[in-house]
Amino acid sequence: MISSSDRALLVVDRALEHKREFLSTWEIQFLNSVRVSYRHHSELTVAQKQMIRDIGKRLCLVD
C-alpha cells in the first residue's frame, strides 16, 4: 500500500513534469523543496500534503 506522502510525491512529480507551464514561480519552488525535503526526511508534514493537494486539484491531478 502506498503512503500518503508517497502519493503526494507522485502529484509533485506529475505537476513538475507535465503541468509546469501552469505553475507559478512560487509553486515550482515549493514543489522542488518538497522533493528535497522528502529525500531527507521520508515524510511530509500535513501542511505540505494539503498544499500539494490544493495544487493538484487546481491542475486536475487529484480528485
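**Entry 1: Glutamine 48**

I began with a polar pair, and I found the backbone nitrogen of threonine 45 at 2.9 Å from a polar atom of the side chain of glutamine 48. For my notes, a polar contact is a pair of N or O atoms within 3.5 Å, where within protein one must be able to donate a hydrogen and the other to accept it, and residues adjacent in sequence count only if both atoms are side-chain atoms. I must keep in mind that this is a predicted model, in which local features need pLDDT of at least 70, side-chain atom pairs count only at pLDDT 80 or more, and totals for chains, interfaces and linings use all residues. Residues are numbered from 1 along each chain as its sequence is written, and side-chain values use heavy atoms, with hydrogens and water left out.

Is glutamine 48 buried or exposed? I noted it as buried, with a relative accessible area of 16%, where buried means under 20%, exposed over 50% and partly exposed in between, with a 1.4 Å probe and protein chains only. Glutamine 48 sits in helix 3; helices are DSSP runs of H or I with at least four residues, and strands are runs of E with at least two, numbered from the N terminus. Leaving aside its neighbours within four places in sequence, glutamine 48 is in contact with Phe30, Val34 and Ser37, contact meaning heavy atoms within 4.5 Å.

**Entry 2: The nonpolar core**

I then looked up the largest nonpolar core, which has 17 residues, and those with the most contacts inside it are Val12, Leu23, Leu31 and Ile52. Such a core is a set of buried Ala, Val, Leu, Ile, Met, Phe, Trp, Tyr and Cys residues joined through side-chain atoms within 4.5 Å. Helix 1 (4-18), helix 2 (25-41) and helix 3 (46-58) are the elements that give two or more residues to this core, and helix 1 gives the most, with six residues.

**Entry 3: The largest pocket**

I asked myself how much space lies in the largest pocket, and I wrote down about 230 Å³. Its lining includes Ser4, Arg7, Lys49, Ile52 and Val62, and the lining residues divide into five nonpolar, two polar and four charged. Helix 1 and helix 3 each supply at least two residues of this lining, with helix 1 giving the most, six residues.

For the terms, a pocket is an open set of points on a 1 Å grid over the protein atoms alone, where a 1.4 Å probe fits, with protein on both sides within 12 Å along at least five of seven lines, and lining residues have an atom within 4 Å of a point.

I placed lysine 57 in helix 3, and at 44% relative accessibility I count lysine 57 as partly exposed. Lysine 57 and valine 11 are 46 residues apart in sequence, yet their C-alpha atoms are 9.7 Å apart in space.

Last, I checked the backbone and found that serine 42, in the loop between helix 2 and helix 3, has a positive phi of about 60° although it is not a glycine. Cysteine 60, in the segment after helix 3, also has a positive phi, near 60°, and I recorded cysteine 60 as exposed, with a relative accessible area of 70%.

Conventions
Grid points are joined across faces, edges and corners, and a volume is the space filled by probe spheres set on the points. Ala, Val, Leu, Ile, Met, Phe, Trp, Tyr, Cys and Pro count as nonpolar, Asp, Glu, Lys and Arg as charged, and the others, Gly among them, as polar.
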